[in-house]
Structures are given as C-alpha cells and as structure tokens.
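Morning, everyone. Please have a look at the protein on the screen, and then we'll go through it.

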Amino acid sequence: MRSKQSKRKTKICKICFKNIEDNSFHCLLNFETKICRDCFNKFKVEFAHFKISNKDVLSLYEYDEFMQSMLYQFKGCFDYELKDIFLEYFLYYLKIKYHNYIIVPAPSYIKSDEIRGFNHVEEIYKCLHLEMNKCIHKTMDFKQSDYHKDEREKVDKKLCIDDVNLCNKKVLIVDDVCTTGSTIKAMIKLLNSKNPKQIKVLVLSRTKEKN
C-alpha cells in the first residue's frame, strides 16, 4: 500500500517551472503550493500600513521591477496561471484578518478585461474565498496612466456605485497597485454613502510615488 507521501503529485513552480522541494512549514500545510521559496524571495515583502481618507490600508509588497514584471506577465500577457502566486504565502493570515469582509474590487478597464478574458484584480483575490461585490464601475473607459496627477484626483466623477445594501457590513477594497490613491479615495467616498460598518483596503503593492 502506497504511503500518502508517494501519492502526492510533483509540485511545479508557476514562475520558474522547477520542482518545488521545500520542507518549510508553509509547504507542509499547503499541499497546493504554487511557487517555490526561491521565487517567492524575489518579491520584496513590505507589509506597509498607511491611511487613505482615514481608512486603514495594507500594502504587501514593494513595487519593484520583479513585481512589475509579474503583473505584466499576468495582465498583459494573459498568463492566467499566475493568479494565485501573489497571495499564497499570506493566505491564512489574510483570511483571518479579513474574516467576514465583503470584497469590492477596484473597477477595471473594460476593453482590457474583454481582451484578456478575465479581470485581474478579481482573480488575484478570489483565493481569499470571501464574498465579492463588483458594485463600483467606471462610467467611461479610461486608464489612470493616461492622466496627469492632478487629473487623477478627479477620478470620482468617472465612477459610480450600484444600488447595493452595505449598511453595517465590513467592506474590503482591493486593488493590485496603489499610485496616487485617487481611485481608492473615490471608492471610499462612494462606499461611505452606503453606510458600511467598516472599510479597509488591501493592495498588492504601492509605487514610489505613494512613498
């Protein structure tokens, strides 16, 4: 009779495609490990806490060349298999920290979603297994990179919120990268109109401009 160890499938890193041979506590608990320790160590963990519109924000990583390349490979090259690599090593912590929160993802550029076949922000945070409410939308397609900093501050005029019941509920705004924070500020303003119990923000990384 085969042991449980021999029945386990060989785990391949989603980034370097090498066998994952790791006896760390994380890998012992997580049989579905997506990336090896060497690749994870290429991410510069930040765990920075700051505030936007008086709401607590947590940024997991520095926005360096490696993070930029991974997001580009995921979003720009449509590498869907990378969707779970960003949160994996913090998954248990984040599930506990944001237990019973409702995820509200930052609205995306519609045409880009249609081309790639998925919304990158939604896919990154699905692994938290929290209720997700896509209640905020862009009233027109635009990219933040197309605007100067002062124009980005007017982004609230380009967003709208559905007639949704968030009264006395805990809401978690999520995004991939925080630059000026203008989109998050606009989302907080819209969500405040629905009288939630609490609003927090989780982003993968923040740019040097924010620092």
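Start with glutamate 122. Leaving aside neighbours within four places in sequence, glutamate 122 is in contact with Pro105, Met132 and Lys134. Contact means heavy atoms within 4.5 Å. Glutamate 122 sits in helix α7, residues 120–125. Helices (H or I, at least four residues) and strands (E, at least two) are DSSP runs, numbered from the N terminus.

Is glutamate 122 buried or exposed? It counts as buried, because its relative accessibility is 14%. Buried means under 20% relative accessible area, exposed over 50%, and partly exposed in between, with a 1.4 Å probe and protein chains only.

A quick word on the model. It is predicted: local features need pLDDT of at least 70, side-chain atom pairs count only at pLDDT 80 or more, and totals for chains, interfaces and linings use all residues. Residues are numbered from 1 along each chain as its sequence is written, and side-chain values use heavy atoms, leaving out hydrogens and water.

Next, asparagine 192. Its place is in helix α9, residues 182–192. At 37% relative accessibility, asparagine 192 counts as partly exposed. Not counting residues up to four places away in sequence, asparagine 192 touches Lys55 and Ile199. What about leucine 166? Asparagine 192 and leucine 166 are 26 residues apart in sequence, and 9.3 Å apart in space, C-alpha to C-alpha.

Now the whole protein. It has 9 helices and 7 strands. Of its 211 residues, 49% count as buried. Take the contacts with a separation of 6 or more: residues 24 or more positions apart account for 71% of them.
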